[in-house]
Amino acid sequence: MAQGTAEVNNINIWWEDFGNPSDPSVILIMGANANCMVWTQEFINPIVDAGFHVVRFDNRDVGKSTYFGKESFYRKLVRIFVPTFLVNYVVKSIFSAIIDEDGYLQESEVKNPEYDLDDMAEDVICLMDHLDIKKAHIIGASLGGMITQLLALDYPDKVLSITPIMTSPGMGDPTLSNMTPNMIQGIQESAIFDAKGKYEESVVRTYRELSGSRFPFNEEKFREQMKSVFEHGHNPFCLHGDAAGSSPNRKERLSSIDIPTLVIHGTEDAILGVDHGMVLYEKIPNAKKFIMDGVGHEIPEELILEITNEIIEHLSESQNIA
């Protein structure tokens with residue numbers, strides 16, 4: 001195992017790898033506001049044991065990579081001086097203003113973002129060049145799955161296969177499901193925790209809503225698992241949401257992807273419903289799917305062997321095609 005910080009694309013990207021670099025490479029791209037430690041050893045080890053070289057890295061704005069989002073002076077004042085009851089009132093007022101008559105959270109236009117998904121996709125390509133990886137299998141979760149699509153679309157010569165997990169062709173599509181009411185409530189309560197500097201409580205509140213009914217959320221176990229993630233670097237002011245919101249929808253481009261694809265999604269995803277994943281499956285030629293009943297926006301440890309077996313089969317078949 002090796003690790004380091006790559007100075008690429010005018011920023012620093014922290015990375016580490018597992019397995020033999022001479023084996024076919026697999027790049028893991030994590031989702032919004034989460035660093036690469038969310039990719040667990042239990043997920044990585046079976047892929048390495050199957051004969052692949054695995055790289056996980058911190059996207060920009062999280063973990064040990066370069067941060068763009070930082071606490072503003074205004075937010076610092078709120079955290080220190082504004083009483084909790086007033087924070088609750090303000091946050092609830094904001095959410096009331098952006099929820100439509102059907103109870104859906106409306107997408108707000110993001111102007112002049114610090115960066116977008118194209119920049120984050122370029123980060124991956126630059127990191128591959130830094131590590132002397134000519135082509136790789138790309139696995140991306142949530143926002144990472146959006147970046148995965150862009151890599152297949154814009155850098156097909158660098159991609160052996162893609163595995164988009166619990167992701168979407170783009171934000172703000174009125175033909176696709178919005179977040180569930182409980183998810184919106186959870187995000188609202190998380191925003192209150194964030195405003196008062198209770199960042200761990202914010203993450204716990206969000207992930208509680210992301211869990212499906214098949215494997216109920218275990219708060220004690222989750223807090224224990226999150227220790228290594230927080231120690232590695234948590235940025236509560238991360239701008240990944242702005243990056244996703246400002247990037248064009250990819251739905252009409254998906255049919256041009258000519259790369260082996262495995263779509264993985266849960267039927268009870270509260271933030272990106274299973275219909276988001278099904279669009280990828282239906283639009284990308286010859287895509288395969290692995291749909292997990294009763295699973296939310298998560299990679300349950302109870303299903304890791306089943307999930308990685310599906311992925312390994314997909315990677316191996318793609319190697320034969322390549």
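Guide: Buried residues make up 49% of the 322 residues in the protein. This is a predicted model, and the secondary structure comes to 11 helices and 8 strands.

Visitor: How do you know that the radius of gyration agrees with a compact globule?

Guide: For 322 residues the rule for a compact globule gives a value near 20 Å, and the protein has 19 Å, so the two agree. The C-alpha trace spans about 60 × 40 × 40 Å along its principal axes. Among contacts with a separation of 6 or more, 76% are between residues 24 or more positions apart. The protein exposes about 14900 Å², of which carbon and sulfur atoms supply 50%.

Visitor: What makes the length of helix H5 agree with what a helix should span?

Guide: Helix H5 covers residues 143-154, which is 12 residues. At 1.5 Å a residue it should span 16 Å, and its end C-alpha atoms are 17 Å apart, so the length agrees.

Visitor: Why is H5 called mostly covered?

Guide: In H5, 11 of the 12 residues are buried, and buried means under 20% relative accessible area. Among them are Leu-143, Met-146, Ile-147, Leu-150 and Leu-151, and Thr-148 and Gln-149 are buried too.

Visitor: What makes the contact of Arg-253 and Asp-154 a salt bridge?

Guide: The cut-off is a side-chain nitrogen of Lys or Arg within 4 Å of a carboxyl oxygen of Asp or Glu. The side chains of Arg-253 and Asp-154 meet at 2.7 Å, N to O, so the pair meets the definition. Arg-253 lies in the loop between H9 and strand E7 (262-266) and Asp-154 in helix H5, so the pair ties together parts 99 residues apart in sequence. Arg-253 has a relative accessible area of 35% and is therefore partly exposed.

Visitor: How many salt bridges does the structure hold?

Guide: The structure holds 16 salt bridges. One of them joins Lys-251 and Asp-173, whose closest N and O atoms are 2.8 Å apart. Lys-251 is in the loop between H9 and E7, and Asp-173 is in the loop between E6 and helix H6 (181-195), 78 residues apart. Both Lys-251 and Asp-173 are buried.

Visitor: How do you know that Lys-221 and Glu-301 tie together parts that are apart in sequence?

Guide: The side chains of Lys-221 and Glu-301 meet in a salt bridge at 2.2 Å, N to O. Lys-221 lies in helix H8 (residues 219-232) and Glu-301 in the loop between strand E8 (288-292) and helix H11 (304-321), so the pair ties together parts 80 residues apart in sequence. Lys-221 is at 39% relative accessibility and so counts as partly exposed; Glu-301, at 39%, also counts as partly exposed.

Visitor: Which residues do salt bridges with shared partners join into one network?

Guide: The network consists of Glu-200, Glu-201, Arg-208, Glu-219 and Arg-223.

Visitor: What is the phi of Asp-61, and what is the phi of Asp-132?

Guide: Phi of Asp-61 is near 80°, a positive value in a residue other than glycine. Asp-61 sits in the loop between strand E4 (53-57) and helix H2 (73-81). Asp-132 is not a glycine either, and its phi is positive at about 60°. Asp-132 lies in the loop between H4 and E5.

Terms used
Residues are numbered from 1 along each chain as its sequence is written. This is a predicted model: local features need pLDDT of at least 70, side-chain atom pairs count only at pLDDT 80 or more; totals for chains, interfaces and linings use all residues. Side-chain values use heavy atoms; hydrogens and water are left out. Helices (H or I, at least four residues) and strands (E, at least two) are DSSP runs, numbered from the N terminus. The expected span of a helix is 1.5 Å times one less than its number of residues. Buried means under 20% relative accessible area, exposed over 50%, partly exposed in between (1.4 Å probe, protein chains only). The radius of gyration is taken over C-alpha atoms; the globule rule is 2.2 Å times the number of residues to the power 0.38. Contact means heavy atoms within 4.5 Å. Accessible areas come from the Shrake-Rupley method with a 1.4 Å probe; for residues, only the protein chains shown count as cover.
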